[in-house]
Amino acid sequence: MGEIIFWTIVRIVFVIPAMWVLQGYIDFNFWWLVNVLVTYGVIIHPAVVHYRLFVEKNKSVIESSLCSTCIHFDESAVLCMKYDKHPTAIYLPCEGTAWEPRKTSFKK
Ligand code: SF4
């Protein structure tokens, strides 16, 4: 997840000066349209695609691993917060010894 954010910030760092320079060469009304298209095409769309790939790659860990039922598991980062490591389908940082159930609230 951090990688997605990092590369999104890198793209923003390159897009902002490029759009600033382009402003002097393109009609202002047309520049806004180009600005919106470039922002979507270079910044937003790649971030969304990378996020979907991240979720797909970690789907088994997020949905059906021991960690997915543990209180120490952060789904958004696919991270064991107790050991600060990323579990995978074949790797549990605690090897199951530190598992604690998530608290659930049951409504009657
Ligand atoms: S404590 Fe163990 S079971 Fe819980 S998230 Fe970390 S590695 Fe997974």
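In helix α1, the buried residues are Ile-4, Thr-8, Val-10, Arg-11, Val-15 and Met-19. Buried stands for under 20% relative accessible area, exposed for over 50%, and partly exposed for what lies in between, with a 1.4 Å probe and protein chains only. Seen down the axis of α1, these buried residues fall within an arc of 160 degrees, so they line one face of the helix. The arc is taken from the directions that run from the helix axis to the C-beta atoms. The model is predicted, and local features need pLDDT of at least 70, side-chain atom pairs count only at pLDDT 80 or more, and totals for chains, interfaces and linings use all residues. Residues are numbered from 1 along each chain as its sequence is written, and side-chain values use heavy atoms, with hydrogens and water left out.

On the face of α1 turned away from its buried side sit the exposed residues Val-13, Phe-14, Ile-16 and Trp-20. The buried residues of α1 pack against α2 (28–57), where contact means heavy atoms within 4.5 Å. Helices (H or I, at least four residues) and strands (E, at least two) are DSSP runs, numbered from the N terminus. Helix α1 covers residues 2–22, and at 1.5 Å a residue its 21 residues should span 30 Å; the end C-alpha atoms are 30 Å apart, which agrees. The expected span is 1.5 Å times one less than the number of residues.

Ile-44 lies in helix α2 and counts as partly exposed, at 39% relative accessibility. Ile-44 and Arg-11 are 33 residues apart in sequence, and their C-alpha atoms are 9.7 Å apart in space.

The loop between α1 and α2 holds Tyr-25 and Asp-27. Tyr-25 is exposed, with a relative accessible area of 70%, and Asp-27 is exposed as well, at 53%. For Asp-27 and Pro-101, 74 residues apart along the chain, the C-alpha separation is 59 Å.

Ile-71 is found in the loop between α3 (59–64) and β1 (73–74). Its relative accessible area of 32% makes Ile-71 partly exposed. Neighbours within four places in sequence aside, Ile-71 is in contact with Met-81, Glu-100, Pro-101, Arg-102 and Lys-103. From Ile-71 to Trp-99 the C-alpha distance is 7.6 Å, for a sequence separation of 28 residues.

Trp-99 is also one of the residues that line the largest cavity. Rolling a probe the size of a water molecule over the atoms shows where empty space is left. On a 1 Å grid over the protein atoms alone, a cavity is a set of points where a 1.4 Å probe fits but cannot get out, and lining residues have an atom within 4 Å of a point. Grid points are joined across faces, edges and corners, and a volume is the space filled by probe spheres set on the points. The count comes to one cavity of 30 Å³ or more, and the largest cavity holds about 100 Å³ of space. Its lining includes Cys-67, Cys-70, His-72, Cys-80, Lys-82 and Cys-94. By class the lining has nine nonpolar, one polar and one charged residues. Here Ala, Val, Leu, Ile, Met, Phe, Trp, Tyr, Cys and Pro count as nonpolar, Asp, Glu, Lys and Arg as charged, and the others, Gly among them, as polar.

Backbone angles come last. Most residues other than glycine have a negative phi. Val-78, in the loop between β1 and β2 (79–80), has a positive phi near 50 degrees, and Val-78 is buried at 2% relative accessibility. Glu-95 lies in the segment after β2 and has a positive phi near 55 degrees. Glu-95 is exposed, with a relative accessible area of 70%.

How values were computed. 1 Å grid on protein atoms, 1.4 Å probe; cavity = no way out; pocket = protein on both sides within 12 Å on 5 of 7 lines; lining within 4 Å.
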